[in-house]
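Dear colleague,

Please find the structure below, together with its sequence. My notes on the helices and the salt bridges follow.

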Amino acid sequence: LIKQKAAEEPLQKKREKRGRAKLLIKQKAADPSMEFDADEQILIHQYEEQLRKDKEKRKRAKLLKERTEEKRLYDSKLNKEKQLRKKKEKRDRAKLLIQQKEANPS
């Protein structure tokens, strides 16, 4: 229980900082002439920076997912073509063998 509390404490502090930053940003949006002290400005800056990083992360993840899906589809298409080619070659070999047997019945 003590370990669990110790693990949750930093997360709780992080949530509180994030909530405080959100509140400060809302206050500034409501009253642009409002001034913040250095700690509040740092808090707002950190929050905005984290939002930007998270947005970039989501964008990269989305692109990676799309590329992976495109590659999977492309590989699937290549695999189907390869299977069809093998099937055709097998069929052609069988036809050739039949023709050879018909030409040379021994």
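This is a predicted model: local features need pLDDT of at least 70, side-chain atom pairs count only at pLDDT 80 or more; totals for chains, interfaces and linings use all residues.

Residues are numbered from 1 along each chain as its sequence is written, and side-chain values use heavy atoms, with hydrogens and water left out. Helices (H or I, at least four residues) are DSSP runs numbered from the N terminus.

**Packing of H1 and H2**

Helix H1 (residues 2-30) and helix H2 (residues 38-103) have axes that come within 9 Å and cross at roughly 100 degrees. H1 is therefore roughly perpendicular to H2, a term that covers 65 to 115 degrees. The axes are lines fitted to C-alpha atoms over the stretch in contact, and angles run from 0 to 180 degrees between N-to-C directions.

On the H1 side, the residues in contact (heavy atoms within 4.5 Å) are Lys17, Arg18, Arg20, Ala21, Lys22, Leu24 and Ile25, and they meet Glu40, Leu43, Ile44, Gln46, Tyr47 and Glu48 in H2. By class, this contact has six nonpolar, one polar and six charged residues. Here Ala, Val, Leu, Ile, Met, Phe, Trp, Tyr, Cys and Pro count as nonpolar, Asp, Glu, Lys and Arg as charged, and the others, Gly among them, as polar.

The buried residues of H2 (under 20% relative accessible area, with exposed over 50% and partly exposed in between, for a 1.4 Å probe and protein chains only) are Glu40, Leu43, Ile44 and Tyr47. These buried residues pack against H1.

**Salt bridges**

The count comes to six salt bridges, each a side-chain nitrogen of Lys or Arg within 4 Å of a carboxyl oxygen of Asp or Glu. Among them is the pair Arg52 and Glu49, with closest N and O atoms 2.3 Å apart. Arg52 and Glu49 are three residues apart in H2, so about one helical turn separates them. Arg52 is partly exposed at 37%, as is Glu49 at 26%. Glu49, Arg52 and Glu56 are linked in a network of salt bridges.

Arg72 and Glu69 also form a salt bridge, at 2.6 Å from N to O. In Asp92 and Lys88 the N to O distance is 3.5 Å, and these two are four residues apart in H2.

Yours sincerely

How values were computed:
Angles under 35 degrees count as roughly parallel, over 145 as roughly antiparallel, 65 to 115 as roughly perpendicular and the rest as oblique.
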